[in-house]
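Work through the two exercises below with the structure in view. Each task is followed by a solution in steps.

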Amino acid sequence: MGNSFVCPRPKVAVQSGKLSQCSASGLDPLLLHFDVNKTVLFSDAANLKTIEDGIREGISEMFWGTLEEDGNVGKWVWTKTQPACDPPNQFTGRKLLNYAQYCKLAVKNKTLSKAAIKSWELVDDDETQVKMRQLLKSSLTRLQLPSEVLHTEAAEAAGLKGTTLVMLPALFTLVALLQCVGREFGVLFRSFGEDHKKIEKEWNAFCEMKHPIFSHLLEGIGPLDGTVPGLPDRRIMQIHTMYRDASGPLLILDSFTNGPAGLQSWDMWAKQKPKAKEDSRGGRNFVRAELQADCVDGMKNIAAWMRSHTLAQRTAAIKDDWAWWFWNGQRADAGKLLAVMRPNQSQGGIKQLFFDDNVEHDDARIVDCRTETDDVVPLKEAQKELLVKVNPVDVLNDGDLFLKMLQRSHGEHCNQGYGLAFQQFCEYMQQEVHHGDVSGVMSHQCWCVPDSRSGRLAGDIFDDPNLLIWAVGYAQLMPRGHFSEACQLGNDGPRANGILTSVTRAESTTITK
């Protein structure tokens, strides 16, 4: 599958006791938030025209250009740089717009602007059109399911009912690698809508090693479904709802709800015209009277719940409050909540990263990063290590992109663990060189050849994808790291007076009935 991730095993004889244990267990635990639609899910549509339109929109956001004087708006001219989600940095002092942004600027009618974004009709230069079409063709090819997988029982069971991929390979790549090196992490799939249901089958099939395409990523690791001692159950077993109002956030556990049915739903309330002057949804009363669900109330408790979720190395889905975000003018501070968990005297920090296609370079737009004390994290600080903009076409064409984004955002926090694996692999290979056995080393990759000046193996783990692949292959040969003891937060814990309390590492999460 092109850039699909593979963990090859080094072609060297591994003797017992030669390899020391290597894992990322010394790093801070990690919580990964993934928006679903157009971030990890390209399209669940069976209609190839719909899929092609989605790819065209993604490509329109990857081609960056400058404006040249030509009438009122100006003429958009491609920079001829590599198509990418982020703008090129060699045009300091010049305003850059991707083609999609230019269409919104040049065409005021929303419907016509969307049509121009997908048709590329405002691109009047043949070279740019050719490059866009080439990327479209290669992306459509990458999306195709292998012929041997099409319409098989395994494909149907994994939710792959059409002719194309549904979830993007880069997600499975990242999860397999993190698991391979022993990183302690949890996953939350986030969406304003019902997209979680579109990925549940496929994700769980991957965790159970029943995915017809990506199960090989877990070879040498084992299924992540709770059947192997020492490995977490990473299947999606719970979908929660985040409700927000003037009193703060409320996480409604094991409930997928949009409030009352029909015209009284929370989303319909937000869409009404004229716009409501105050929040009249009464969501908390609805939860108490109708759902009678367990809830986590307030920033501090939600941060504690997310910490417990991370330490338990679980995966869950959260339906976020679109009505609150829309009613508040689609502002970032009313969007999908990320509760920052910094270290303090009693406990370590939790590293987090939110992947979302709607995050902009100058506006978090849809993600609300807040501290446990309810303070909004400034955009520039959040962009450093809490959130990242995703383009699905970019992700589709680079199977390691999520990994690269994580490394770029967390720097040494990510590189430290993988670097150690690579370092130990190089040390082992160096032993082979010292013993005069260079034939095996030479057969791996060119970077394994000793440096002519120092006689030592050279290279950095993130300089070349092959380095990372070999490091992971080496890590697979090591004993599995011990997973930190995690809290089993569920409905089977002690219950008294309607309060469910779960304690993890000197911290309690209070869940109210």
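**Exercise 1.** How much space lies in the largest pocket? Describe the lining as well.

Solution. The model is predicted, local features need pLDDT of at least 70, side-chain atom pairs count only at pLDDT 80 or more, and totals for chains, interfaces and linings use all residues. Residues are numbered from 1 along each chain as its sequence is written, and side-chain values use heavy atoms, with hydrogens and water left out.

Step 1. The largest pocket holds about 1400 Å³ of space. A pocket is an open set of points on a 1 Å grid over the protein atoms alone, where a 1.4 Å probe fits, with protein on both sides within 12 Å along at least five of seven lines; lining residues have an atom within 4 Å of a point.

Step 2. The lining has 39 residues, and E61, K104, N358, E360 and R365 lie nearest the centre of the pocket.

Step 3. Helix α3 gives the largest share of this lining, 5 residues. Helices are DSSP runs (H or I, at least four residues), numbered from the N terminus.

**Exercise 2.** At what angle do the axes of α2 and α3 cross?

Solution. Step 1. The axes of α2 (residues 99-106) and α3 (residues 110-119) cross at roughly 150° and come within 9 Å. Axes are lines fitted to C-alpha atoms, for helices over the stretch in contact, and angles run from 0 to 180 degrees between N-to-C directions.

Step 2. The two helices are therefore roughly antiparallel (angles over 145 degrees).

Step 3. Y99, A100, C103 and K104 of α2 make the contact with S113, A116 and I117 of α3 (heavy atoms within 4.5 Å).

How values were computed
Parallel < 35°, antiparallel > 145°, perpendicular 65-115°, else oblique. Points joined across faces, edges and corners; volume = space filled by probe spheres on them.
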